[in-house]
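Dear colleague,

I am handing over the structure we spoke about, with the sequence alongside. Please have it open while you read the notes that follow.

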Amino acid sequence: MSDSEVLILEEARKKPIDERVTHSNWKARSEAYEHIRDSCNRVFDESDSCLSTFAGFFAKAVVDSNAAAQDKAVEALSAFLQKCPDTLASRIVDKTCAGLVNKCLTGRPSTSQRAYECLLLFIEVEQAERVLEQLIIGFDNKVPKVVVAALDGVFYCIRLFGVKVVDFKILLRSFPKLFESKDNKARDKAKEVIVELSRWVGADVIKAALFDKMRDAIRDDIDRAMQEAAAAAGG
């Protein structure tokens, strides 16, 4: 690190946190996100004023243009969500989850893993419907790997929380277009989600909701996969 950069970071540390998280130097922003993470980890009361201070930073922080800084931002968000009250999570969930879905799930492996963790943490603080909404919006992303990542997010939500928390009816309405996707990975992942969903609601519900909207080959493939899943589960 050059002497000039050392000086920049030293000066950045003297600034208020709202200026540090928007600093032009990515290392300064990274240090700011680390400060937020460490501060959240020390919180023992959800009424701690630092949580309110930090809440408004995350929507922009998770889409940081520098991958290393972004990773620190998502790590800080995870620490925040483990301490914040539902009311604060509700204030930031939409824009922050949009950033997680569109920019973080397909980022560095550590960033991606933490981003999925944050989506699940948002659900734990009573934001399931709004998390699901952002994941479904991700199905329309023009980048195929984002679509696949959003489907993975839905899969994890269903597997961990079930259909009492994840509204499967809203999900099912968004699936017919996915089976017409030109991307093989997206179609395969959509099938995987539907099969997982069938374990919770039964194959008959899936058939009634989707089969008349599918081409014969896709319908037969999913029907076979659901039968195999039921047989493996002893159903």
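From the N terminus on, the elements of the protein chain run α-α-α-α-α-α-α-α-α-α-α-α-α-α, and the secondary structure comes to 14 helices and zero strands, where helices (H or I, at least four residues) and strands (E, at least two) are DSSP runs numbered from the N terminus. This is a predicted model, in which local features need pLDDT of at least 70 and side-chain atom pairs count only at pLDDT 80 or more, while totals for chains, interfaces and linings use all residues. Residues are numbered from 1 along each chain as its sequence is written, and side-chain values use heavy atoms, with hydrogens and water left out.

Taken along the principal axes, the C-alpha atoms of the protein chain fill a box of roughly 65 × 35 × 25 Å. Of its 235 residues, 49% count as buried (buried means under 20% relative accessible area, exposed over 50%, and partly exposed in between, with a 1.4 Å probe and protein chains only). Among contacts (heavy atoms within 4.5 Å) between residues at least 6 apart in sequence, 64% join residues at least 24 apart.

The largest nonpolar core has 80 residues, and those with the most contacts inside it are L77, F80, L100, F122 and F175; such a core is a set of buried Ala, Val, Leu, Ile, Met, Phe, Trp, Tyr and Cys residues joined through side-chain atoms within 4.5 Å. Its largest share, nine residues, comes from helix α10 (residues 144–161). Leaving aside neighbours within four places in sequence, F80 is in contact with C40, L51, F54, A55, F58, L88 and I92. In soluble globular proteins, nonpolar side chains tend to be buried together.

By class, the contact of α6 with α8 has eight nonpolar, four polar and four charged residues (Ala, Val, Leu, Ile, Met, Phe, Trp, Tyr, Cys and Pro count as nonpolar, Asp, Glu, Lys and Arg as charged, and the others, Gly among them, as polar).

Helix α9 (residues 128–138) and α10 pack at an angle of about 150° with their axes 8 Å apart, which makes α9 roughly antiparallel to α10. Here L132, L135 and G138 in α9 meet V146, V147, A150, G153, V154 and C157 in α10, and these divide into seven nonpolar, two polar and no charged residues.

Helix α1 (residues 3–12) and helix α3 (residues 26–41) pack at about 40°, with their axes 9 Å apart, in a right-handed crossing. The contact is made by E5, L9 and A12 of α1 and K27, A28 and E31 of α3.

Finally, E124 lies in helix α8 and is exposed, with a relative accessible area of 51%.

Best regards

Methods:
Axes are lines fitted to C-alpha atoms, for helices over the stretch in contact, and angles run from 0 to 180 degrees between N-to-C directions. A crossing is left-handed if the near helix is turned anticlockwise from the far one by less than a right angle, and right-handed if clockwise. Angles under 35 degrees count as roughly parallel, over 145 as roughly antiparallel, 65 to 115 as roughly perpendicular and the rest as oblique.
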